[in-house]
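Keep the structure open beside the text as you read.

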Amino acid sequence: MVHRHAVTGCRVALTALGALVATGVHAAVAAEPTRSAGPLPSAAQTLGADRPSTPVLRAMERDLGLTPAQASRRLADEAEAGTRAGRLRIALGERFAGAWLRGTTSQKLVVATTDAADVAAIKAQGAKATVVKKPLRDLRAVKQKLDAASARVSTRQTPLWYVDIPANRVVVEAGTGAAAAAFVKAAGLDADSVSVKVTANRPRLLEDIIGGDPYYIDGTARCSIGFSVTKGEQEGFASAGHCGKPGAKTTGHNNAEQGTFQASTFPGKDMSWVAVNDSWRVTPNVKGEGGQAVQITGSVQALVGAAVCRSDSTTGWHCGTVEQHDTSVSYAEGKVNGLTRTTVCAEPGDSGGPYVSGVQAQGVTSGGFGDCATGGTTFYQPINALLSDFGLTLTTAEAESPAPQGDAAQTWAAGRVYEAGVTVTHAGVRYQCLQTHQAQGPWAPAGTPALWQRV
């Protein structure tokens, strides 16, 4: 685990860190969404994937080995695939076993089911079908038992556990096979319910109002700004929880007084937000290659296999792919659940910085292992969970609305975070969410079939 990057410039490294019949499913999947007057935007248009920024494209070309045309095509393919995956998730219900992307431009959407009778319906949506033994809900139930066990036993030798959707398994990464076996037993699981990977890798924290800029905590440590946010009239930014505790003071990249940590969660989760003073203004921007601005338009969660890029104050702008969501990591300082694992590299001082997929915010840097010279693995705290926990609204380049007040969870409202599968009512019509996101003002369900399906 890598700790905060000291102001003196030194790096401190510690040891880590029943079911519908097939015809019924097909009908449910293939049904076109009810259209309002006039054409509805495509998924790529809704998510801004048809308007990619130059910094994103250039970094994808460099880090993923793509041509300019392939980079543009990949963003559009990923936007469209997310919507199809959401519709299939709803149609398959309890038999759904996950979805992921393959191919140079993410042109192949793979959807897993536990029932071979679903294959034709999946193919009808242009996706490749694979039949597996375990539905996603069962895999998540296994991981939840590991999560619960981690609160009772030491996970120093079992620092990482997650659901590997393409492999249809739960994986525990450990220093030794014996340590993994003990952890699995403590969770009350059979040995054959979990796959074990023995590795010497140890995740560590990457500590060290434009996303990616540095900021300093109480004059002694440095982290990176994640995304601009607001809470009511108060402006600020999101970052990692291990960067600072509530009440800690921050200064900006120019050493000017900046703000105060309002809330921070670590361990358990790795999230925080800082309220800034009147000298600082929020923007929808993340610093891309060469300091160019990448404007954020929303927070739609990317699929496994999707391209993701990171901006941080030590190593700058780098890209990779999403490997797993809902990963649990045991750092030396404590356990964190619900992180996303990526192939993006990072180094000390990068903690808190933003991850983006196209122009969609994904999360803030938590930790990892390796470096940007030899390659590595990093984990980010998903932004939607952060926004929801702290009642924040992401600052975007689209029309913005304040976070909704009250608990009217059944009525759609801009500013609320919606998980895939939830049902809401808007203008007297019921809709089901296809992709996890924080609702933006222009994204009302009737006009965004990329995000909502009428039910």
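A search of the whole structure finds 19 salt bridges, each being a side-chain nitrogen of Lys or Arg within 4 Å of a carboxyl oxygen of Asp or Glu. Before we visit some of them, please note that this is a predicted model, in which local features need pLDDT of at least 70, side-chain atom pairs count only at pLDDT 80 or more, and totals for chains, interfaces and linings use all residues. Residues are numbered from 1 along each chain as its sequence is written, and side-chain values use heavy atoms, with hydrogens and water left out.

Begin with Asp 147, which pairs with Lys 143 in a salt bridge whose closest N and O atoms are 3.0 Å apart. Both residues sit in helix H6, four residues apart, or about one turn of the helix; helices (H or I, at least four residues) and strands (E, at least two) are DSSP runs, numbered from the N terminus. Asp 147 and Lys 143 are both buried, where buried means under 20% relative accessible area, exposed over 50%, and partly exposed in between (1.4 Å probe, protein chains only).

Another salt bridge joins Glu 235 to Arg 281, with 3.4 Å between the closest N and O atoms. Glu 235 belongs to strand E12 (residues 234-239) and Arg 281 to the loop between strand E15 (271-276) and strand E16 (285-287), so this pair ties together parts that are 46 residues apart in sequence. Elsewhere, salt bridges that share partners link Arg 62, Asp 63 and Glu 289 into one network.

Now turn to the largest pocket, which holds about 930 Å³ of space. Here a 1 Å grid is laid over the protein atoms alone, and a pocket is an open set of points where a 1.4 Å probe fits, with protein on both sides within 12 Å along at least five of seven lines; lining residues have an atom within 4 Å of a point. Grid points are joined across faces, edges and corners, and the volume is the space filled by probe spheres set on the points. The lining has 39 residues, and Arg 140, Gln 301, His 325, Glu 419 and Thr 436 lie nearest the centre. Among the elements that give two or more residues to this lining are helix H6 (136-150), strand E19 (316-331), E20 and strand E23 (375-382). Helix H8 supplies the largest share, five residues.

Asn 337 lies in strand E20 (residues 334-342) and is partly exposed, at 27% relative accessibility.

Thr 378, in strand E23, is buried at 1% relative accessibility. The side chain of Thr 378 reaches the backbone oxygen of Val 344 at 2.9 Å, and a polar contact of 2.7 Å joins it to the side chain of Tyr 355.

Conventions:
A polar contact is a pair of N or O atoms within 3.5 Å; within protein, one must be able to donate a hydrogen and the other to accept it, and residues adjacent in sequence count only if both atoms are side-chain atoms.
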